[in-house]
Each structure stands twice: as structure tokens, then as C-alpha cells.
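Please keep the sequence and the 3D view at hand while reading.

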Amino acid sequence: MTASGAEPSVAPVIREANPADADAVAAFTRDTWGERHEDYIPRVFAEWAASDDSDSATLVATLPPAALDGSDAIASEDAREPEDTLVVGDGTGVAPEGEPEAVVGCIQGVLLSEWEAWGQGIRVDPAARGFGVGTALSKAALGWARDRGATVCRNMVFSWNVMGLGQSRAAGFDPATEFRFAEPVPDSSALDAETAAVDVVADPDPNAAWAFWTTSDARSHLNGLALDSEEPWACSALTRERLVTAAAENRLLAVADADGFAGFAVRVRVSEQGADGETVRTAVYGVAAWRDAAAAGALYDAIAADAAAVDADGARVLIPETVDHVSDTGASRVAVAAEPDFVMRADLTGERP
């Protein structure tokens with residue numbers, strides 16, 4: 001059924017996005033999450049569409065304008081007009097070249113490695129629900145990833161986004177893992193009270209970090225994943241090579257005790273975002289793994305000091321969503337995000353559906 005209650009008489013056509021689609025996409029994504037938080041898609045979509053290359057593809061779904069006539073979703077939004085999502089077709093969408101078409105959904109596929117792809121930013125215009133837009137976008141992105149040699153495609157869905165989780169399952173994604181963000185406060189004096197029991201390692205050995213990671217509970221729970229080093233918000237396999245690079249760039253943090261290597265964290269980036277005329281810097285750590293609560297406390301101190309050293313206003317650390325990791329974080333007096341995030345995966349080794 002469509003959003004207006006009628007059986008759909010037309011299927012969405014998926015095409016490559018271009019920067020001219022940005023206003024249309026912004027029209028149906030400006031209030032995606034309501035009061036929870038701002039949607040980032042209106043800020044990044046034009047850049048996505050303009051910078052696509054062989055490793056990324058931004059796609060949009062299109063429908064004839066008449067398909068949205070009488071939509072309750074449009075009528076209920078005071079700030080939106082029916083023509084806000086209309087663009088001039090280029091002949092690759094549902095409309096002939098030069099004729100109007102409605103942009104009703106978007107998604108981006110990104111190749112993270114030779115075998116890993118990531119799907120992100122899937123959004124569907126509420127006025128177009130019931131036309132199979134989300135499924136069509138997901139299948140198109142998975143097809144793009146498969147054609148470029150990826151054997152798996154993953155995505156991330158907020159744990160509270162039940163509709164999004166259901167759409168991912170319907171499109172062929174299965175549960176992969178869940179994580180939560182710890183939020184230590186940058187503190188240049190965090191190591192002043194360092195105890196003798198657990199010490200910060202001055203020059204961490206990436207091979208020691210890799211050996212610790214391969215047998216850690218964190219790796220087992222996360223299925224080997226950490227935040228990607230290049231693509232914000234994406235998760236990819238943490239490799240020995242990535243740890244070697246992080247160590248060479250002074251982004252690898254580690255702690256040790258009398259029994260040896262006791263934990264590590266990897267800073268993947270310092271992000272900047274404008275808010276109320278000010279730039280907020282956040283140090284982002286792709287993963288943290290530790291042996292016990294004492295090691296967790298020492299590692300969080302090292303993270304707090306490192307975040308302060310890169311002039312960050314805040315810090316965000318990916319940790320496994322387990323009782324041990326979350327409670328160890330709490331015992332370290334470090335704040336934790338209120339809700340976890342879920343990672344889903346689609347196996348691309350089978351036959352194309």
C-alpha cells in the first residue's frame with residue numbers, strides 16, 4: 001500500500017545522484033529523527049554526489065510527481081510544498097530528459113577495502129512509503145558493491161530505529177554486532193594520578209596490540225570490527241596493518257601491567273563540526289579493548305590525555321556492547337551513550353537476487 005492508501009501503480013527508478021538533487025533530498029530529511037537529533041544528510045549530500053568515484057556511489061530513487069498527489073505526509077508538514085522534491089529529469093530516472101520527477105529516497109555505497117563495502121544514509125520520503133523505495137535503494141547499493149568485488153556489505157542502524165532495522169533485514173542484512181560510545185572528557189592532567197599497577201606504554205608495539213586484539217573479548221564480540229580510518233561512522237575489519245600505521249602516526253595508545261600488555265585504543269580522526277557559530281572538535285577512537293577494570297581505567301586516562309593533546313573539546317570511543325565493557329567504563333567514571341548502535345551485514349558471495 002502507498003502512503004495515500006492506494007496500491008502502487010509505478011515502481012521507483014534508481015539513478016546516480018547529482019548535486020542538483022540536494023534541495024529535494026533536504027526537503028524530506030530535514031526532520032528525519034524529530035527531536036532526537038539533527039540528520040546529517042542535508043549537510044553532506046551535495047558533497048557526496050559531487051565527489052563520487054569508483055569507490056563510492058550516491059544513488060537516489062525517483063517517482064513520477066503524480067504518484068505523491070494527495071499524500072498525507074506532505075499535507076501534514078507546514079514547511080513543505082509538493083514541489084519541494086521535484087527536479088528536472090536527465091533521462092536516467094523515472095522521467096524523460098527535461099521532464100519533472102520526484103526524488104523520494106537516497107543511499108550511498110562506499111568501498112572500504114578490496115572486499116568490504118558500507119551502506120549509509122538510506123532515507124525514504126514519508127510521502128513515498130509503500131512504493132518499495134527502501135528495498136529498491138538497498139538492492140541497488142548491494143548490486144553496486146558486488147560489482148566492485150565486495151564480498152560483504154555492512155551498515156549501521158540506531159538501536160531505536162525499528163523501522164530501519166526491519167527494512168535492513170528485508171533487504172538481506174543480518175545482525176553482525178552492537179557497540180556503544182564511551183565519552184571521556186579530554187584532560188591534560190589525566191595521567192598525573194597514574195598508578196603503578198597499570199602503566200601507559202610510551203611507544204606501543206602494534207604487533208603486541210594485534211596479538212592482544214586477536215584473543216580479546218572485544219574482538220570476539222565486535223566480529224573484528226572497528227571504526228574505519230577513512231570513512232566517518234563506517235565500521236571495517238581492524239587489521240595489523242592499520243595498527244602499524246596508527247603507531248607510526250602516534251595514534252595508538254596502550255597500557256600494560258605486571259602481566260604484560262593490558263589494553264589499547266586507536267584514534268582514527270579528530271572531527272570538526274560547527275555549532276552555534278563555534279567549531280567543536282571531537283577526538284574519535286575506533287575501538288578500545290582491555291583486560292580488566294583496572295586496565296580500562298588506565299586506558300581511559302590515556303585517552304583523556306591524548307584527546308586534550310590534539311585540542312579536542314570532546315572524545316568518543318567505540319566499545320563493545322557487553323556488560324563487562326559498559327560496567328568497566330562506568331567504574332572508570334566515564335560517561336556512556338544512552339543507547340547502543342547496531343551493525344548489520346549482507347553476504348554478497350551468493351547469487352544476485
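A residue is called buried when its relative accessible area is under 20%, exposed when it is over 50%, and partly exposed in between, with a 1.4 Å probe and protein chains only. Helices (H or I, at least four residues) and strands (E, at least two) are DSSP runs, numbered from the N terminus. The model is predicted, so to speak of local features requires pLDDT of at least 70 and side-chain atom pairs count only at pLDDT 80 or more, while totals for chains, interfaces and linings use all residues. Residues are numbered from 1 along each chain as its sequence is written, and side-chain values use heavy atoms, with hydrogens and water left out.

**Helix 6**

In helix 6, which covers residues 206-214, the buried residues are Pro-206, Ala-209, Trp-210, Phe-212 and Trp-213. Seen down the helix axis, these buried residues fall within an arc of 165° and so line one face of helix 6, the arc being that of the directions from the helix axis to the C-beta atoms. An α-helix has 3.6 residues a turn, so residues three or four places apart point the same way.

Polar contacts are pairs of N or O atoms within 3.5 Å; within protein, one must be able to donate a hydrogen and the other to accept it, and residues adjacent in sequence count only if both atoms are side-chain atoms. At the start of helix 6, a side-chain oxygen of Asp-205 reaches to within 2.9 Å of the backbone nitrogen of Asn-207. Thr-214, also placed in helix 6, is partly exposed at a relative accessible area of 34%, and a polar atom of its side chain lies 2.8 Å from the backbone oxygen of Ala-211.

**Helix 9**

Helix 9, residues 293-309, has 17 residues and reaches 24 Å from its first C-alpha to its last, close to the 24 Å expected at 1.5 Å a residue; the expected span is 1.5 Å times one less than the number of residues. Because 12 of its 17 residues are buried, helix 9 is largely enclosed by the rest of the structure. Among the buried residues of helix 9 are Gly-297, Leu-299, Tyr-300 and Asp-306. Asp-292 caps the N-terminal end of helix 9, with a side-chain oxygen 3.3 Å from the backbone nitrogen of Ala-294, and the helix is followed by Asp-311, whose phi is positive, near 60°.

**Salt bridges**

A salt bridge is a side-chain nitrogen of Lys or Arg within 4 Å of a carboxyl oxygen of Asp or Glu, and by this rule the count comes to nine. Three of these pairs are listed here.

| Salt bridge | N to O distance |
|---|---|
| Glu-101 and Arg-15 | 2.9 Å |
| Arg-267 and Asp-306 | 2.8 Å |
| Glu-272 and Arg-281 | 2.6 Å |

Which kind of exposure does Glu-272 have? Glu-272 is exposed, with a relative accessible area of 52%, whereas Arg-281 counts as partly exposed at 23%. Both Arg-267 and Asp-306 are buried, and both Glu-101 and Arg-15 are buried as well.

**Asp-125**

Asp-125 is found in the loop between strand 5 (116-124) and helix 4 (133-147), and at 0% relative accessibility Asp-125 counts as buried. The side chain of Asp-125 reaches the backbone nitrogen of Ala-127 at 3.0 Å. With contact meaning heavy atoms within 4.5 Å, Asp-125 touches Phe-28, Leu-68, Arg-80, Thr-85 and Val-104, not counting residues up to four places away in sequence.
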